[in-house]
Amino acid sequence: MCQPVTSHQTKATVLFNQQLTKTQFLLRLQASDGIKEAKPGHFIHLNCHPSLTLPRPFSILDTDIKQGTLDVFYQVVGEGTQHMAGWQAGFETTMLSPIGCHFTKPDSDQNALLIAGGIGYAPLDFFARELKKQGVKTTLLLGIESDPPFELTSSSTPLLSYDPIKNPLSISRQEAMGIPSRLSSLEEKPGFYKGYVTQLAAKILQKMDTKECENTRLYVCGPTPMMKAAALVASQFKIGGQVSLEEHMACGFGGCAGCVAPIRDADDSWNYRRVCTDGPVFDLNDVVWEKI
Ligand SMILES: Cc1cc2nc3c(=O)[nH]c(=O)nc-3n(C[C@H](O)[C@H](O)[C@H](O)COP(=O)(O)OP(=O)(O)OC[C@H]3O[C@@H](n4cnc5c(N)ncnc54)[C@H](O)[C@@H]3O)c2cc1C
Ligand code: FES
């Protein structure tokens, strides 16, 4: 079990709140605490409005330690995020940051295949860039059915071994760092793989030689059916990895057990663990998927 980071309750000031699509926003917050400790996979608990008793959890998309800023990529789904969509530069709120257990990088001889679905892109964008900085061979796959929130570009960075897409598009902010990325959609779209993102991952793994496949770790975040499918891919190819789970949260600091998920113990029994402080990142093969 991981050692969760020490969190700080801190004031956060909106620097910008840019609308990316009809329902998705990029929010930059400035805060005096809770930035420098933040690692990919950590999240914040953000107070959206005084009328709402509970804060809302959001993955950290990026940080700038020098500037004291933290970015969040969010989707408007309900009351809290609707309040957030109206925030202007200078708006002040409070948050708990950072929270939980972060992703851990693969061993030095391993490579990382990141599989994101929709808004689950946020922690994996951060992780991909951190892995690249640390010299880990990293590929990011994103399954997306709505308008892409971030700019896309023709890909010039080759995939690990095999590319199932002709003339692929990639995500500019990853491409700019030399990280290969690919997109999938269930609809036919030029430059995208047609199908589920987990099918795209399986195609890539299938074409790897045995050693490269054995040396690949999966990192997953997205809707529950997608995470379950990714766990199946991991077991099909006998590889490991990590997943960032999403659960409804109340306190956000481990006090209420309102956010539990079934997680296997070392002796193969299982227990409910708190997603906020025992996670949100868990070993992909430790999650008891049939109980979620
Ligand atoms: C660790 C973690 C990281 C997250 N990271 C992000 C992120 O980076 N960007 C982002 O847009 N969202 C993220 N979420 C989901 C986000 O917390 C919810 O969308 C948000 O709390 C909804 O608040 P609301 O008041 O707008 O909606 P509510 O009115 O509370 O709910 C609206 C709808 O969203 C669903 N919902 C609410 N909370 C959650 C939740 N925790 N998980 C799944 N579904 C939920 C509800 O069932 C309902 O259908 C994350 C959740 C967790 C637990
Ligand atoms: S939200 Fe209270 S224990 Fe996780």
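A: Proline 98 is found in strand β7, where strands are DSSP runs of E of at least two residues and helices are runs of H or I of at least four, both numbered from the N terminus. The model is a predicted one, in which local features need pLDDT of at least 70 and side-chain atom pairs count only at pLDDT 80 or more, whereas totals for chains, interfaces and linings use all residues. Residues are numbered from 1 along each chain as its sequence is written, while chains are lettered from A and ligands numbered from 1 in the order in which they are written.

The peptide bond between serine 97 and proline 98 is cis, with omega at about -20 degrees. Most peptide bonds are trans. A cis bond also joins glycine 279 and proline 280, with an omega of about 10 degrees; proline 280, however, is placed in the loop between β17 (270-274) and β18.

β7 spans residues 92-99 and pairs with β1 (residues 8-19) in the antiparallel sense over 6 bridges; two strands count as paired if DSSP finds at least two bridges between them. Within this pairing, methionine 95 of β7 is the bridge partner of threonine 10. β7 is also joined by 3 bridges to β3 (residues 43-46), and these two strands run antiparallel. Here leucine 96 in β7 stands opposite histidine 45.

These pairings belong to an open sheet of 7 strands, ordered β4-β3-β7-β1-β2-β6-β5, with antiparallel pairing. In that order β7 stands between β3 and β1. The edges of the sheet are β4 and β5 (62-64), each of which pairs on one side only. One of the bridge pairs links phenylalanine 43 to serine 59 in β4.

Serine 59 leads from the sheet to the ligand. Ligand 1 has 20 residues around it, and Ser59 is among those that come nearest, together with Arg56, Gly78, Gly80 and Thr81; a residue is near a molecule if its C-beta atom, placed from the backbone, lies within 6 Å of it. β4 (56-59), β6 (69-75) and helix α1 (79-85) each supply at least two residues of this shell. The largest share, 4 residues, comes from β4. Edge strand β4 therefore has a part in two descriptions: it pairs on one side only within the sheet, and its 4 residues are the largest share of the ligand shell.

Inside it, β14 (residues 216-221) and β15 (residues 241-244) run parallel and are joined by 3 bridges, with valine 220 opposite valine 243 in β15. The loop between α6 and β15 holds lysine 238. Phi of lysine 238 is near 55 degrees, a positive value in a residue other than glycine.
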